[in-house]
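Here are my notes on the structure you asked about. Keep it open beside you while you read.

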Amino acid sequence: MSEYSTLSEILHDIAIAGTVPAKMIAQALGRSHVVLLNQLNSNVVPAKLGVDDLIPFMRSSGSVEPLTWLARQMGGVFVKLPAASDMAAGQTAVLESIQEFSEFATAGADAWLDGKIEQHELERIEKEATDSIAAIQRFVLLCRCAAGEEEKISLLSGDERSAETNRT
């Protein structure tokens, strides 16, 4: 695939040339394929908040919750990475990652005590797992920067850096 400048371009390309026909995607979304293609066509101004407004919306609101939700829906986790000015915090970051993993392990162990996992326990396990993964990723980034490998993270721009890490 070529480089895209908007999410709509990616979605439009997937709908037109992807492995799943646009009609099936549209049906899953509860609309006709004509409506879907119009909604993804950059020449048709959408009546609602579009996907291209997501990043400006999150930047202006200061919330990454939509991205966190999207990552979870796709079986991943969103990790907000520290700003370049925070890179000296390596020792603190490793301690935080250990603490977060400990909280994750405790949540898992607590849930298994009675031999079954309730919904609220599952939600706690997922939250602690996400927090643990985020802390570990922040520490890895700090290590990369300390090792002089900033160019490997050059795709992350500005003071607020983010990455999505897929669970495997």
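This is a predicted model: local features need pLDDT of at least 70, side-chain atom pairs count only at pLDDT 80 or more; totals for chains, interfaces and linings use all residues.

1. Next, the layout. Read from the N terminus, the order is α-α-α-α-α-β-α-α-β.

2. Now for the inside. Of the 168 residues in the chain, 22% are buried. Look at the contacts with a separation of 6 or more, too: 62% of them join residues 24 or more positions apart.

3. Let's zoom in on one residue. S97 sits in helix α6, which covers residues 90-112. Is S97 buried or exposed? S97 counts as buried because its relative accessibility is 8%, and the cut-off for buried is under 20%. Leaving aside residues up to four places away in sequence, S97 touches A135 and I136.

4. How far does the predictor trust its own work? Mean pLDDT for the chain is 76, with 79% of the residues at 70 or more. Helix α2 (residues 22-29) has the highest confidence, with a mean of 87, while strand β2 (residues 161-166) has the lowest, with a mean of 41.

5. Take care with the stretch at residues 152-168, where pLDDT stays under 50. The model does have 36 contacts beyond four places in sequence for these residues.

Terms used. Residues are numbered from 1 along each chain as its sequence is written. Side-chain values use heavy atoms; hydrogens and water are left out. Helices (H or I, at least four residues) and strands (E, at least two) are DSSP runs, numbered from the N terminus. Buried means under 20% relative accessible area, exposed over 50%, partly exposed in between (1.4 Å probe, protein chains only). Contact means heavy atoms within 4.5 Å. pLDDT is the predictor's confidence in each residue, from 0 to 100.
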